[in-house]
Amino acid sequence: MTTHLRTRGLTARYGSARVLHGLDITVRRGCVTAILGANGAGKTTLLRAISRALPTEGDIELDGRSVVGLKTEDVARLGVAHVPDGRGTFTGLTAEDNLRLGAHRLRRAEMEEQLEMVYGFFPKLKQRRRQQAGTLSGGEQQMLAIGRALMSCPRLMMFDEPSVGLAPILVKEIFSIMRAIRKERGVSMLLVDQNAARALDLADDAYVLETGRVVLAGPAAEVASHPSVRAAYLGA
Ligand SMILES: Nc1ncnc2c1ncn2[C@@H]1O[C@H](COP(=O)(O)OP(=O)(O)OP(=O)(O)O)[C@@H](O)[C@H]1O
Ligand SMILES: [Mg+2]
């Protein structure tokens, strides 16, 4: 299995405060890597660093090629789609216009194809396509954010807390859709989620961060059975 994304010695700071201390993280192609960690551990910062939303030290390689000198839109062009926390949809636009914005570079016929592909994963969005995004429910807005990322035909998706604030039934639905996207589209994924049980179940590999450092890493099943993870994240 080839390496899709790798960070080496990744370090980030906000002002003088260092929040990532030399992270080595790998996402294998077509696989899911889960990141666990308490609030403030640096999970969002890690995803933002990969998206080049903040300056960092160390290296980030996509398909073996460094992306540290690139801008956010260049990283996106290389097939990385970031589904940020807080969802980031355009509330005044319809659901479908939000989706179209996810693939504004496509020609019309391709755009329609992509829309149908996304609606295949999210039939509810099709029903709501003319509705203003700001009036969608929390779960629908999260689906819209994922759908918009999917519109760009990503090869690597990064999810920041996709299930936060959702009712259990919707959490289950979002995870099963992520599983389907991975299976049917072969997309690699870097997944941050507080729902450790579901994240570890979906993932192939997992890392546990504590205050910006990796404290545990390995196959997701091994991480899930580690006593410290069972106690802190799985309530066992
Ligand atoms: N823009 C910022 N300016 C200054 N400090 C920041 C900024 N963003 C995050 N931090 C700090 O960096 C550290 C890591 O934050 P980050 O958002 O990456 O954590 P997280 O693991 O995503 O936490 P959570 O689970 O609460 O989302 C925290 O101590 C946070 O206060
Ligand atoms: Mg966060």
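# Close-up views of the predicted model

**Glu-116, at 44% relative accessibility, counts as partly exposed.** Buried means under 20% relative accessible area, exposed over 50% and partly exposed in between (1.4 Å probe, protein chains only). This is a predicted model, where local features need pLDDT of at least 70, side-chain atom pairs count only at pLDDT 80 or more, and totals for chains, interfaces and linings use all residues. Residues are numbered from 1 along each chain as its sequence is written, chains are lettered from A and ligands numbered from 1 in the order in which they are written, and side-chain values use heavy atoms, leaving out hydrogens and water. The partner to look for here is Lys-126, which forms a salt bridge with Glu-116 (a Lys or Arg side-chain nitrogen within 4 Å of an Asp or Glu carboxyl oxygen); their closest N and O atoms are 3.2 Å apart. Lys-126 belongs to helix 5 and Glu-116 to helix 4 (residues 108–121), so the pair ties together parts that are ten residues apart in sequence. Helices (H or I, at least four residues) and strands (E, at least two) are DSSP runs numbered from the N terminus.

**Glu-173 and Lys-124 form a salt bridge.** Their closest N and O atoms are 3.3 Å apart. This pair links distant parts of the chain, with Glu-173 in helix 7 (residues 168–185) and Lys-124 in helix 5, 49 residues apart. Glu-173 counts as partly exposed because its relative accessibility is 25%. Lys-124 is partly exposed too, at 32%.

**Salt bridges that share partners join Glu-96, Arg-100, Glu-112, Arg-129 and Arg-130 into one network.** Zoom in on Arg-129 and Glu-96, whose closest N and O atoms are 3.6 Å apart in their salt bridge. Here, too, distant parts of the chain are linked: Arg-129 sits in the loop between helix 5 (123–127) and helix 6 (138–151), Glu-96 in helix 3, and 33 residues separate them. Glu-96 is buried, since its relative accessible area is 7%, whereas Arg-129, at 27%, is partly exposed. Across the whole structure there are 15 salt bridges.

**Thr-33 is a buried residue, with a relative accessible area of 0%.** You will find Thr-33 in strand 3 (residues 32–37). A polar atom of the Thr-33 side chain lies 3.1 Å from the backbone oxygen of Thr-26.

**Leu-93 lies in the loop between strand 6 (80–83) and helix 3 (95–101).** With a relative accessible area of 32%, Leu-93 is partly exposed.

**The residues around ligand 1 include Tyr-14, Val-19, Glu-161 and Gln-194.** A residue is near the ligand if one of its heavy atoms lies within 4 Å of it. Among the other residues around ligand 1 are Gly-40, Ala-41, Gly-42, Lys-43 and Thr-44. Helix 1 (residues 43–50) gives the most to this shell, with three residues. Taken alone, ligand 1 exposes 640 Å² (Shrake-Rupley method, 1.4 Å probe), and the protein buries 56% of that.

Methods
A polar contact is a pair of N or O atoms within 3.5 Å; within protein, one must be able to donate a hydrogen and the other to accept it, and residues adjacent in sequence count only if both atoms are side-chain atoms.
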